[in-house]
Amino acid sequence: MTLNPEELLDLALKSGAEAAEVYVSTSVSHPVFFEANRLKQLESIDSSGLGLRVWQDGRMGLVTAYGDVEPENLVHQALDLSVLNEPVEILLRDSTVTDYPKLYGQEVSVEQMIEWGKIAIATVLERYPDAICTADWDCSRETIRIINSKGLDCGYTDITVDGSLSAELTRGDDFLNVWYGQSERGDVPPDAIAQKVLQYLDWAKQNAPAPSGKVPVIFTGKAADLLWGVVAIAMSGQQVQQKSTPWLDKIGQPVISELLTVTQQPNFGIYSAPFDDEGTPTQNITWIDRGVLQGFYGDLQTCQDLGIAATGNGFRGDLGNYPSPALFNFAIAASQTIQGDIVELAATLKNGLIVDQVLGDDTDISGDFSINVDLGYRVKNGKIIGRVKDTMLSGNIYQALNQVIAVGSHRHWHGSLYVPAMIIEGLSVTSH
């Protein structure tokens, strides 16, 4: 039978649960795929599921269900699983924000996305007729609802449109693949994506020798996830609990360049959200103010354990996961910027490297990294003179973020990261 969240909650309490929570997620998406310059596939993907959390004798159990399931079986599974866990305090919200949008974003038709894909590919082929292009456009609608035995009942629908384009060129033994993507709550115009891909292809017309030694490196917004992903881990309350973050005792102290400020802005951009997956209201928070660490983030349990106010950062990776600390709308700003983006930053360098795509992004909380540059360009006398190959980059991310010498004014969304390009000096570049 189709599960009714209210009935499931009521049944859990009648079956012996002290408290219960139901998290429902329903999504519909319509991806459009282009391959080898042609429309290849249209899909329509529907999924609906829920997660049921119960507490019995203070012990928590979690089960998930998709499709038709007997509610009694689901409740008994959750109660049986709770016996295996240690007792915890029951942390459930009884209310959340009341005045928030119930619908974010606008639908885009499949026909419109097909047209956009065709335009993006045609734009590239006009200048590079030998290119083999792949494009994906997708409009997805997700509705979530959270109810619990304390009276919380909240939810909203989020519609996002994603567009991406990649182009492959083969010249003898030389293989080149560039890509760019964008997400919006509505139109994702093909021209902006195609022009980025063309810019990368233009820069790669010639190969250039990579610089060597310690040189200034420009990280594009796309490549910046290498850096900021580690910062996000370092600021997690879970890392504080495990005493594994190098920033454990650094609140109120400089941790990155004083040029940089890191914030969470829940009402801004395509990943805005009124509350997290526990119903905690999301907040405007400055995590790092002009280089100085202000605090850590967490879910309800983590924040309570650390003795800090709830930050609204409890999210589930999927229905089968407990809420855990995670960031969203992670925005990077600079107190001083160079007007523009990659080209304008490159104009300030006599010798340097642009990094746009990397391989081997296996950085961890230590911050040490050694990666292959999948797509990078040489800068000489302020000009981008060609693509570099067989190049490696190594260093430490915490040190790198203290060696930022310039930041571009243009910021772009890459996932839930809103970030500018920036120049870091002192990273080791080797080529082979």
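Biologist: Why is Cys133 called buried?

Modeller: This is a predicted model, and Cys133 has a computed relative accessibility of 0%. Buried means under 20%. Cys133 therefore counts as buried.

Biologist: What makes Cys303 a cysteine in no disulfide?

Modeller: The nearest cysteine sulfur is that of Cys154, 17 Å away. A disulfide needs two cysteine sulfur atoms within 2.5 Å. Cys303 is in no disulfide. A search of the whole structure finds zero disulfides.

Biologist: Is Cys303 buried or exposed, and why?

Modeller: Cys303 counts as buried, because its relative accessibility is 1%. The cut-off for buried is under 20%.

Biologist: Why is Arg185 called buried?

Modeller: Arg185 has 17% relative accessibility. Under 20% means buried, so Arg185 counts as buried. Arg185 is found in the loop between strand E9 (174-184) and helix H4 (190-203).

Biologist: What makes the pairing of Arg185 and Asp158 a polar contact?

Modeller: Their side chains are joined at 2.9 Å. The limit for a pair of N or O atoms is 3.5 Å. The side chain of Arg185 also reaches the backbone oxygen of Gly269, at 3.2 Å.

Biologist: Which residues does Arg185 touch, not counting residues up to four places away in sequence?

Modeller: Among them are Tyr104, Gly105, Gln106, Ile159 and Tyr271. Contact here means heavy atoms within 4.5 Å.

Biologist: Why is Ser324 called partly exposed?

Modeller: The relative accessibility of Ser324 is 27%. Partly exposed lies between the buried limit of 20% and the exposed limit of 50%. Ser324 therefore counts as partly exposed. Ser324 lies in strand E15 (residues 324-325). Not counting residues up to four places away in sequence, Ser324 touches Gln238, Asp299, Asn313, Gly314 and Phe315.

Biologist: How far is Ser324 from Ile193?

Modeller: Ser324 and Ile193 are 34 Å apart in space, C-alpha to C-alpha, and 131 residues apart in sequence.

Biologist: Why does Ala120 count as buried?

Modeller: Ala120 has a relative accessible area of 0%. The cut-off is under 20%, so Ala120 is buried. Ala120 is found in helix H3 (residues 110-127).

Biologist: What does Ala120 touch, not counting residues up to four places away in sequence?

Modeller: Ala120 touches Trp137, Leu165, Pro190 and Ala194. Ala120 and Leu165 are 45 residues apart in sequence, with C-alpha atoms 7.4 Å apart.

Biologist: Why is helix H5 described as largely enclosed?

Modeller: Seven of its 10 residues are buried, so H5 (residues 225-234) is largely enclosed by the rest of the structure. The buried ones include Leu226, Leu227, Trp228 and Val230.

Biologist: How do you know that the radius of gyration of the chain agrees with that of a compact globule?

Modeller: With 432 residues, a compact globule would have a radius of gyration near 22 Å. The chain has 24 Å, which agrees. Its C-alpha trace spans about 75 × 55 × 40 Å along the principal axes. Of the 432 residues, 51% count as buried.

Biologist: How many helices and strands does the chain have?

Modeller: The chain has nine helices and 22 strands.

Biologist: Which residues does UniProt list for "domain: Metalloprotease TldD/E N-terminal"?

Modeller: The unreviewed UniProt entry lists residues 20-78. Over residues 20-78 the chain is 66% strand and 14% helix. The end C-alpha atoms of that stretch are 10 Å apart.

Key. Residues numbered from 1 in each chain as written. Predicted model: local features only at pLDDT ≥ 70, side-chain atom pairs only at ≥ 80, totals over all residues. Heavy atoms only, no water. Buried < 20%, exposed > 50% of the residue type's maximum accessible area, 1.4 Å probe, protein only. UniProt positions renumbered as here; feature names shortened; annotations may be inferred. Helix = DSSP H or I, 4+ residues; strand = E, 2+ residues; numbered from the N terminus. Rg over C-alpha atoms; globule rule 2.2 N^0.38 Å. Polar contact = N/O pair within 3.5 Å; in protein donor to acceptor, adjacent residues only side chain to side chain.
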